[in-house]
2 protein chains.
Amino acid sequence: MSTFPITDKTGITRLATRGVYDREAIYGVLDEVLFCTLAYVRDGQPFQIPTGFCRMDDKLYIHGSVGSSYLRAMASSKCPVCISVTQLDGLVLARSAFHHSVNYRSVVLFSTPELVTGNDELYRALETFTNKMCPGRWADIRKPTDAEWKATMVLSFKIEEASAKVRTGPPIDDADDYALDIWAGVQPIKTVRGVPEADPDLKAGVKVPEYLR
Amino acid sequence: MSTFPITDKTGITRLATRGVYDREAIYGVLDEVLFCTLAYVRDGQPFQIPTGFCRMDDKLYIHGSVGSSYLRAMASSKCPVCISVTQLDGLVLARSAFHHSVNYRSVVLFSTPELVTGNDELYRALETFTNKMCPGRWADIRKPTDAEWKATMVLSFKIEEASAKVRTGPPIDDADDYALDIWAGVQPIKTVRGVPEADPDLKAGVKVPEYLR
């Protein structure tokens, strides 16, 4: 199992024991969480875009319209970007206000955008993205036409400089506070997929597919 | 009901009809979502920190340890920051791959950090933060000691330049595709608070408080 090198950008200095550099652990977060935020700099000013993404091998992929000015600018400038992905797992309710915390898994990575031009990589990125959103969906839907492919821009980001930060478990209070009559523990936070709601214009007789039940 | 001015940084150019500049709508997202990502620039390189936050009036607040190097740097540099907050509400499953989308509410705002020094504002920020995480919690817990207050740094960000982007509703497919035998609709995504799990070291006899049931 490989780990990412700890660099001056990815080294966790604050609460260093929460730092995770293991590739499998970092990929696990990237493959579970449905959106990332991408930060870039223009004229010294930071900007952020929340966007869906997927991972294949050691690259992270985003896509959008060729009409998107920020995607076009990013493809041509190859500017440095920072991408973060966060999953909140629980509220850590300590006896003291001071020791309240959250359980979470977050990944921060540094990379540069690369325009994807190969048809095979383009196709697989869109398939992987769609099946991450909804496992089994790609096989079921109308595939892009030539015109739709031409209207779609895909960017890749090599994952070379990345770290995760993870907290799990119950609160850690000061020794004296354990005697207080205050409830302490964790309230789990979950991201849940609900029951699919049919399009009001759904063709009569079309059933909810197995993969969505 | 007031709206934020549309600036060159906050104007939504791509899918402009999804742009929302209404103050109440933007505050609604900020008050519901539990974490933000904060982006800043150091030596031309963008960085991001996911962190809990709360809002009071027209300011957003984050806090952390006075030992946090990024918080200290931010307090002294007053560098421009970009903060984003995103709630994913649903997967929009169209008949065509091309028209797949997501329902979401996201806020992006631009500001500069301000170190909070007034005791009253400091106290109210921590109280608001704790009660946002867990409504009713602040009244129940051991309040910070003088030493704990001294170890806590709070930064505020005036909310002056902000916009939201929102998508709701069913998929919008090409006219011809509505005749296809493909299921289409929305799979809702919800962030759910689970049943509280007691600290294994909880003092015997302490019950789960009413506000957590």
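This is a predicted model: local features need pLDDT of at least 70, side-chain atom pairs count only at pLDDT 80 or more; totals for chains, interfaces and linings use all residues.
Two strands are said to pair if DSSP finds at least two bridges between them. In general, the strands of a sheet pair through backbone hydrogen bonds, either parallel or antiparallel.

The C-alpha trace of chain A spans about 70 × 50 × 35 Å along its principal axes. Chain A consists of 213 residues, of which 35% count as buried. When contacts in chain A between residues at least 6 apart in sequence are considered, 70% of them join residues at least 24 apart.

In chain B, an open sheet of four strands was identified, with the order 4-5-9-8 and antiparallel pairing. Strand 4 (54-56) and strand 8 (113-115) of chain B stand at the edges; each has a single partner strand, so one side of each is left without a neighbour in the sheet. From one strand to the next, the twist averages 35°. The pairing of strand 4 with strand 5 (residues 59-65) of chain B is antiparallel and comprises three bridges. In this pair, Met56(B) stands opposite Lys59(B) of strand 5.

Two helices of chain B pack on this sheet. Helix 2 (residues 69-77) touches strand 5, strand 8 and strand 9 (152-158) of chain B, and its direction makes about 50° with that of strand 9. Helix 3 (residues 119-133) touches strand 4, strand 5 and strand 9 of chain B, and the direction of helix 3 makes about 130° with that of strand 4.

Contacts between the chains involve 79 residues of chain B and 79 residues of chain A. Several elements give two or more residues to the side of chain B that touches chain A, among them strand 2 (35-42), strand 3 (45-52), strand 6 (81-93), strand 7 (101-111) and helix 3 of chain B. Strand 11 of chain B gives the most to this side, with nine residues. By class, the side of chain B that touches chain A has 43 nonpolar, 20 polar and 16 charged residues.

Strand 11 (residues 185-193) of chain A is joined to strand 11 of chain B by five bridges, and the two strands run antiparallel. Across this pairing, Val192(A) stands opposite Lys190(B).

The relation between the two chains was then examined. In general, two copies of a chain are related by a rotation about an axis and a shift along it. For this model, chain B is superposed on chain A by a rotation of 180° with 0.0 Å of shift along the axis, at an RMSD of 0.0 Å. The two copies are thus related as by a two-fold rotation axis. The C-alpha of chain B nearest the axis belongs to Thr191(B), at 2.3 Å from it. Of the interface residues of chain B, 100% are also interface residues in chain A, so the copies meet through the same surface.

How values were computed: Residues are numbered from 1 along each chain as its sequence is written. Chains are lettered from A and ligands numbered from 1 in the order in which they are written. A residue is buried if 20 or more other C-beta atoms lie within 10 Å of its own, exposed if 12 or fewer, and partly exposed in between; C-beta atoms are placed from the backbone. Two residues are in contact if their C-beta atoms, placed from the backbone, lie within 7 Å. Axes are lines fitted to C-alpha atoms, for helices over the stretch in contact, and angles run from 0 to 180 degrees between N-to-C directions. Ala, Val, Leu, Ile, Met, Phe, Trp, Tyr, Cys and Pro count as nonpolar, Asp, Glu, Lys and Arg as charged, and the others, Gly among them, as polar. Copies are superposed by least squares on the C-alpha atoms of residues with pLDDT of at least 70 in both.
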